Amino acid sequence: MRDDYAWDRTGERDAFVDEMEALLGAFDVQPRVAEGVAIAREVARPRSRSAVRRHAFVIAAAAALVLTLVAIAARGREARVMDRSFGAIEIPMSDPPVSIDPVPPEAAPRLPAIAPLPPLTEERARPRRARVAPLAAAPERDPREVQRENAAKIGQQLRRYGSMLERCVEEGRKKKAYDKGYFWLAFTVTAEGTTTNVHTSASRPYAPDVEACCVAAARTWTFTDTSTIGPEGHEVRLTVRLYE
Amino acid sequence: VAQPRARARRPRPEPSDAELVEAAVAGQREAFGELYVRHARLVNAIVLVRAPAGEARDLVHEVFAAALRQLPTLRDPSAFPPWIAAIARKLAALQRRSARTILPMEDQPVEAPPPEAFAVLDALRRLPEAYRETVALRLVAGMTGPEIAARTGMTPGSVRVNLCRGLKILRASMGGDDDA
């Protein structure tokens with residue numbers, strides 16, 4: 001009976017069930033222990049933020065809103081003379097990103113100046129004796145410096161995937177000729193070098209097909225040099241522009 | 001003469017879901033990772049019939065994150081599969097209310113499902129709600145009827161009926177013969 005085949009794969013073979021299983025199996029997942037461990041790590045991370053960080057976020061959000069309004073006004077006046085580079089993908093080197101595209105670089109808020117640190121290569125070249133010295137004595141690196149290093153490394157490795165996003169934009173433009181709009185493609189690079197929490201936001205105008213294509217592409221990306229990325233991962237946000 | 005110990009090494013039995021849940025509550029991340037491996041396909045199939053395909057994977061992660069936060073409240077650790085299935089349904093329904101439709105691309109990146117798969121998924125989503133999830137667990141996650149019953153907490157009889165009727169409707173909607 002064909003019912004038996006659907007029930008427990010016994011009895012007469014049902015070609016329809018096999019065909020549907022083959023097609024829908026494409027949506028199945030192949031879970032790995034590391035992914036579950038990464039989720040557990042993410043959940044274990046303290047969620048409460050200090051008052052300073054909360055305020056910093058509010059300030060950054062307010063600044064972003066103002067800059068967006070300024071950018072909208074500026075674009076209305078200068079639409080005709082906009083840069084015509086196609087499907088530009090901008091990789092922000094700061095994290096968390098504080099500017100919204102398109103914002104002239106000079107208008108973007110600047111991070112506070114950071115005192116120059118000794119070159120990283122020298123520090124690495126020294127023989128490691130940290131196991132003997134007490135951990136507390138080890139010089140702590142400025143987290144912002146680590147963030148910048150992570151961003152630079154990821155940015156470097158991202159360049160090989162830029163063509164995938166450009167292809168998504170090109171395909172989207174075959175269906176609809178966008179004359180404006182961009183969206184953010186955001187994700188977290190895990191310490192294992194995979195991407196997680198891939199999503200888009202700030203779409204204007206709405207381009208679901210392009211966003212879906214970019215999200216699917218970003219999920220396949222892997223990063224080999226993740227030595228400085230901590231267990232909390234590194235958040236990345238790319239700006240994908242839809243118009244010519 | 002001392003007799004050499006010749007104890008045959010037995011493979012360690014697989015830990016049960018209940019043991020893994022207890023270990024995960026105690027903070028063992030690897031135990032939670034093992035629970036994820038065992039049940040992510042179940043959760044994926046459940047959210048797939050309720051939320052956009054492009055967001056299913058992220059939603060699976062959200063479901064497991066929510067489950068881990070609530071894990072200490074799970075009274076019967078052996079009931080983890082139906083419990084996380086219920087969380088998946090709830091979160092997927094919430095997601096659907098605010099979800100955007102993600103359309104299939106004609107030219108998808110590597111490993112993306114083919115366009116015909118999206119057509120079948122669309123037909124699957126149009127099945128009556130009672131049958132939709134059971135058929136998805138069978139066709140997406142590849143579970144057999146008895147496995148579906150064990151994981152979801154439904155009776156085997158209900159699963160069998162849902163599979164039979166759901167497949168019949170799906171067969172008809174896909175243009176196949178429906179005389180089972």
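**Where chain A meets chain B**

Visitor: Which residue of chain A forms a salt bridge with B:Asp58?
Guide: Happy to start there. This is a predicted model, where local features need pLDDT of at least 70, side-chain atom pairs count only at pLDDT 80 or more, and totals for chains, interfaces and linings use all residues. Residues are numbered from 1 along each chain as its sequence is written, and side-chain values use heavy atoms, with hydrogens and water left out. A salt bridge is a side-chain nitrogen of Lys or Arg within 4 Å of a carboxyl oxygen of Asp or Glu; with closest N and O atoms 3.0 Å apart, the partner of B:Asp58 is A:Arg219.

Visitor: How many salt bridges are there between chain A and chain B?
Guide: The pair of B:Asp58 and A:Arg219 is a salt bridge between these chains. The count between chain A and chain B is five.

Visitor: How much area do chain A and chain B bury between them?
Guide: Buried area is the accessible area (1.4 Å probe) that two parts lose on being put together, summed over both. Carbon and sulfur atoms carry 63% of it, and the total is about 5100 Å².

Visitor: Which residues of chain A lose the most area to chain B?
Guide: Three residues together account for 16% of what the chain A side buries. They are A:Trp7, A:Leu24 and A:Phe27.

Visitor: How many residues of chain B are in contact with chain A?
Guide: Contact means heavy atoms within 4.5 Å. Chain A brings 53 residues to this contact, and chain B brings 61.

Key
Chains lettered and ligands numbered in written order.
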